[in-house]
Amino acid sequence: MTALLDIQGLTKRFGGLTAVQDMAFCVARGEILGILGPNGAGKTTLFNLLTGFIRPDAGRVVFNGQDLAGRTPAQVVNQGLARTFQLCRPFVGMSVVENAMVACYSPRGRATGEAPRERALRMLDDVGLAHKAETPAELLSYGDQRRLEIARALATDPLLLLLDEPFAGLGASEIEPLSALIRRLHAERGLSILIIEHKLREFMQLVQRVVAIDFGELIAIGDAQDIVRHPKVVEAYIGKTEADLATA
């Protein structure tokens with residue numbers, strides 16, 4: 001598989017704090033790649049760098065052969081890289097279908113040739129929300145708001161979908177159906193996915209490879225089953241003493 005996203009030496013500092021340091025890895029076309037790390041490791045900062053919400057101090061982000069340096073979030077989306085957020089942010093006062101329609105007016109959404117409402121309804125059907133199309137978006141359950149965020153991202157016709165903790169705030173009965181939806185989108189659309197998630201069991205069942213980071217630095221990269229046993233990853237999560245015992 002060829003690289004769809006190639007991150008080279010990405011660095012971001014906030015004053016004296018280095019949030020992301022010399023980050024470098026690739027996402028292959030058609031891959032589900034996971035970003036693993038404890039709280040404060042720099043995962044969401046990394047997503048913000050990739051999607052134009054903040055600018056790097058150094059490094060390159062090459063997506064589908066294009067350098068994204070200096071691009072705005074709208075320009076990044078128009079290249080085919082869409083995301084969801086840790087906190088759901090539906091457009092209040094608008095229906096579910098109207099929320100999805102907003103994304104259909106993006107250049108990539110318009111380029112599909114579909115009428116915005118028809119496309120929005122099809123995206124909602126894909127995520128299991130077509131029956132709630134006319135519901136005010138703010139009245140959706142949190143799990144359904146997660147689905148709406150995914151539908152809105154899909155409406156921009158992405159090549160790569162970034163999911164920032166999609167299972168956060170969900171109960172056990174909501175997590176597995178959402179996980180199944182992500183797997184189906186990957187299988188049916190050939191969609192490349194980059195995912196951050198703290199629920200490790202579900203995370204490991206989804207991803208093919210894992211990039212582990214701590215304090216903004218890459219500490220390990222490899223297959224999911226190998227990463228969870230990596231000494232630096234164990235240390236980052238449970239501490240040095242326990243890590244020494246775990247690997248003894």
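Two strands count as paired if DSSP finds at least two bridges between them. Strands (E, at least two residues) and helices (H or I, at least four) are DSSP runs, numbered from the N terminus. The model is predicted, so local features need pLDDT of at least 70, side-chain atom pairs count only at pLDDT 80 or more, and totals for chains, interfaces and linings use all residues. Residues are numbered from 1 along each chain as its sequence is written, and side-chain values use heavy atoms, with hydrogens and water left out.

Strand E3 spans residues 32-36. In strand E9, Ala 212 is the bridge partner of Leu 36. E3 and E9 (residues 209-214) pair in the parallel sense over 4 bridges. Strand E8 (residues 192-196) is also parallel to E3 and is joined to it by 4 bridges. Here Ile 35 stands opposite Ile 196.

Both faces of E3 are covered. Ile 32, Gly 34 and Leu 36 are buried on one side, Leu 33 and Ile 35 on the other. Buried means under 20% relative accessible area (1.4 Å probe, protein chains only). Because 5 of its 5 residues are buried, E3 is largely enclosed by the rest of the structure.

An open sheet is formed by 4 strands in the order E2-E1-E4-E5, with antiparallel pairing. Its edge strands, E2 (17-28) and E5 (66-67), each pair on one side only. E5 is joined to E4 (residues 58-63) by 2 bridges. Phe 63 stands opposite Gln 66 of E5.

Helix H1 (residues 43-50) lies across E1 (3-14), E2 and E4. H1 runs at about 115 degrees to E1. Axes are lines fitted to C-alpha atoms, for helices over the stretch in contact, and angles run from 0 to 180 degrees between N-to-C directions. Contact means heavy atoms within 4.5 Å.

Notes
Buried < 20%, exposed > 50% of the residue type's maximum accessible area, 1.4 Å probe, protein only.
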